[in-house]
Amino acid sequence: MKNELRVLRAIHGWSQAELAGRLDVSRQAVNAIETGKHDPSLPLAFKIARLFDKPIEEIFDDQA
């Protein structure tokens, strides 16, 4: 699934490790989601959307 996680993280100036800490996941999990190797669970997708104050649809694109 294509996503804007890397862009949003860069806008906030966060490293993958910093974002992982805010989401309570590993840095490797953040990397896997950013690179499209892993899709987040629905609860994690909601957590990401809340953290960036955006609708899920603005972060994740299931059409890709």
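The radius of gyration is taken over C-alpha atoms, and the globule rule sets it at 2.2 Å times the number of residues to the power 0.38. The model is predicted, so local features need pLDDT of at least 70 and side-chain atom pairs count only at pLDDT 80 or more, while totals for chains, interfaces and linings use all residues. Residues are numbered from 1 along each chain as its sequence is written, and side-chain values use heavy atoms, with hydrogens and water left out.

**Exercise 1.** Work out whether the radius of gyration of the chain agrees or disagrees with that of a compact globule.

*Solution.* For 64 residues, a compact globule would have a radius of gyration near 11 Å. The chain has 10 Å, which agrees.

**Exercise 2.** Find which pattern the chain follows along the sequence.

*Solution.* Helices (H or I, at least four residues) and strands (E, at least two) are DSSP runs, numbered from the N terminus. The chain holds five helices and two strands, and their pattern along the sequence is β-α-α-α-α-α-β.

**Exercise 3.** Determine which residues of helix α2 are buried, and what covers them.

*Solution.* Buried means under 20% relative accessible area (1.4 Å probe, protein chains only). In α2, which spans residues 16-23, the buried residues are Q16, L19, A20 and L23. They cover an arc of only 100 degrees around the axis, which puts them on the same side of α2; the arc is that of the directions from the helix axis to the C-beta atoms. An α-helix has 3.6 residues a turn, so residues three or four places apart point the same way.

Key. Buried < 20%, exposed > 50% of the residue type's maximum accessible area, 1.4 Å probe, protein only. Contact = heavy atoms within 4.5 Å.
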